[in-house]
Amino acid sequence: MSDRALLLARDPWHLFAAWDVEPATRLRALRSLGRRAVAALAAVRLVRDDGPQPPIDLPPGAGERVLDAVPGRSHVLEVGLRLRDGSFVALVRSPPASTPPATVSPDTTVTWVHAAAPTTPIDVRWSGRRVRRVRLVPRGGPSSHVHT
Amino acid sequence: MTRAAVAFVLHAHLPDLRDATAEGSLEERWLFEALTDTYVPLADLLGDLARDAVPAAFALSLSPTLLAMLEDPSLRERYRRHLGALVQVADREVARRRHDPALGPLAARHRARFARTADRYFDAYGADLAAVFRAHAAAGRLELLTTSATHAILPLLQASPVWLRAQIAIAIAEHRRRFGEPPAGFWLPECAWDPALDGELRRAGIRWVVLDTHGIALATPAPVFGPWAPIASPDGVIAFGRDPETARQVWSREGFPGDPWYREYHRDLGYDEPATLEPFLSLPPGGGPSGIKYFRVTGGTGAKAIYDPDRAAARVAVHARQFVDGVAERAGVLQATMGRPPVFVCPYDAELFGHWWHEGIDWLGAVLRRLAEHRALEARTPSRELATNPTLQRAQPAASTWGEAGHQAVWMAAETSWIHLQLSELGERVAKLCRGAAPASDGARSAAEHLLLAQSSDWPFMVSRNTAAAYGRHRLAVHLGACRRLCDALERSLAPDPADLRPAPLFATLDLPRLGDGAPLSQRRADGYNP
């Protein structure tokens, strides 16, 4: 399996994270870090739309985890290494995932739209055989509707 | 004054059970039970309403996998043999119970029902229920909709947009192939919505979906009419919300189906006396359902009382009246508050009616007949409701499902959470294979079909709910394993193992190169509602 990270919203307060990082990817990263790689720990962190969250250290072999989240926010999962100086090096990033809202929206804006009625197809028949299909267009033409 | 609407939306679905199921298997029998208990009686109900000129309509979602099985000639023949075996079992029961004044008439009733089902399905309907439903749809009594190709939960495929689009596009193409027109409505498996689906569904030409109540209640901006009026998403998908009260009346433990006079589902001759069925039906150790049931719900887990069809019919009438009166009372209050007639959207699994709740189809018929005569209410399909009340509030529905706790936890349970990463990885590999594949490539087609089948919600549901868990695990292993082996072989230009090739296409409309492109698979609607 190639390097991969997946983040799915479980509910407003939790995200399901799963990942796979190839040993070669980890090794390359450690090599490039040089001395900074000493005592580096495998870790994951969430990057919320307001910034990165503290990394969570992983036990050996971990490949998935349920992470605490904030309702109604967008998150990205980063899987990587937590270095001794506290910095985080991401090896794989997931596509973003948004948690659902947990409460009624404070936004009370009301915008009305009109669901344009589809026209009805009518079969024109001759001796029982369909020869043509025509459509009735609402009076005033389609432009009189605001399509939703 | 326009009447308030009651919109029944029934979802008929079974996973494709043709893989690894031998004739007489328990899994194959799920289809036969659903045919006998639900699908044929539903067709009968529509015929009765048409005969009596009852102005009632409802919506029915038919999943692509169910439709594929319904049109499989070998399954039709096997169903004929299954019904024949049931008639023989019932014949023996009639003889065995002939001196029993309580069970004797029930045995005769079962015998008559099996024989009548065979007559209706093979003679009246020509073993083609899709054609029957298509005719009722053409007459305006039914609105047909589709659901994702293999009943994949679409928000879980957000990270694999190629397959998200494929699940939608294949379903619409299969619907169009069978019913002549693309559907306006799309049943979201588990009613699972995420704002990420908005544009995908809209580009595919989908007009409306149904969400659980909180999907509407927590929408942004806050909908002024709650779940009793549909809302239009930013991209233009119209979302109807489930009415919570009618959901409670039918779904909850204390709802109508739990009435002590209704027939008990779990007490079955196949469990009580499996030996009596053995010459005709093969049953697993411990027995299995036969459809011959003599007892009523009664209450509790103690001894069950004998079923009384007349008393059950009387309860159907009472519950139909309670349902309609309750909706009418709330409609009056809501209409005064809203200043427009509300819509009560009632989505249910179709198999609840007739199969799990034996009297459910009779109840649905009684409700539809009452609604047809009602001054303040009308049974209306979602599309008809949009034509009647086309002014909608613009709002983005909230991510939601009608599953456990209203969200996705069941799909991320420890037993099955491992599949998501595999589906993501295989999704990329199969999409790449499809891009370079000849349209007739058996290998790429089989890999795509195994992947689509592995995306089905049914297998993890069986595992996490411990209902047929072994079968769910088996199907996941079969499809993920075969898909992986096919990818490994085809990526190296090796001949695939013939055992991994699927013998016949699951979906006639599967378009491999187009699928692999991953571009939005736009389905132009023929009714003028083209985005």
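1. Two strands pair if DSSP finds at least two bridges between them. Helices (H or I, at least four residues) and strands (E, at least two) are DSSP runs, numbered from the N terminus. With those terms in hand, start at the join between the chains. Trp112(A) stands opposite Gln393(B) in strand 10 of chain B.

2. A word on the source. This is a predicted model, in which local features need pLDDT of at least 70, side-chain atom pairs count only at pLDDT 80 or more, and totals for chains, interfaces and linings use all residues. Residues are numbered from 1 along each chain as its sequence is written, while chains are lettered from A and ligands numbered from 1 in the order in which they are written.

3. Next, confidence. The model scores ipTM 0.90 and pTM 0.92. pLDDT is the predictor's confidence in each residue, from 0 to 100. Chain B averages a pLDDT of 93, and 96% of its residues score at least 70. Where pLDDT is low, the predicted coordinates should not be read in detail. Two residues are in contact if their C-beta atoms, placed from the backbone, lie within 7 Å.

4. How do the chains meet? In the interface, 34 residues of chain A are in contact with 36 residues of chain B. On the chain A side, strand 1 (4–11), strand 2 (14–20) and strand 10 (112–114) each supply at least two residues. Strand 1 of chain A gives the largest share, six residues. By type, the chain A side divides into 18 nonpolar, nine polar and seven charged residues. Here Ala, Val, Leu, Ile, Met, Phe, Trp, Tyr, Cys and Pro count as nonpolar, Asp, Glu, Lys and Arg as charged, and the others, Gly among them, as polar.

5. A sheet crosses from one chain to the other. Strand 10 of chain A runs antiparallel to strand 10 (residues 391–394) of chain B, and three bridges join them. Val113(A) has Leu392(B) as its bridge partner. The open sheet has five strands in the order 10(A)-10(B)-6(B)-7(B)-5(B), with mixed pairing. Strand 10 of chain A and strand 5 (208–211) of chain B stand at the edges with a single partner strand each, so one side of each is left without a neighbour in the sheet.

6. Within chain A, follow strand 3 (residues 41–48). Eight bridges join it to strand 7 (residues 74–82) of chain A, and the two run antiparallel. Arg45(A) stands opposite Glu78(A) in this pairing. Strand 3 of chain A also pairs with strand 5 (residues 56–57) of chain A, antiparallel, over two bridges. There Val44(A) stands opposite Ile56(A). Strand 4 (residues 51–52) of chain A is another antiparallel partner of strand 3, again over two bridges. Arg48(A) has Gly51(A) as its bridge partner. A hairpin links strands 3 and 4 of chain A through two residues.

7. Last, a helix pair in chain B. The axes of helix 14 (residues 419–435) and helix 17 (residues 469–491) of chain B come within 10 Å and cross at roughly 40°. Residues that meet here include Leu426(B) and Val430(B) from helix 14 of chain B, and Leu480(B) and Cys483(B) from helix 17 of chain B. The contact divides into nine nonpolar, one polar and two charged residues.

Technical notes. Axes fitted to C-alpha atoms, helices over the stretch in contact; angles between N-to-C directions.
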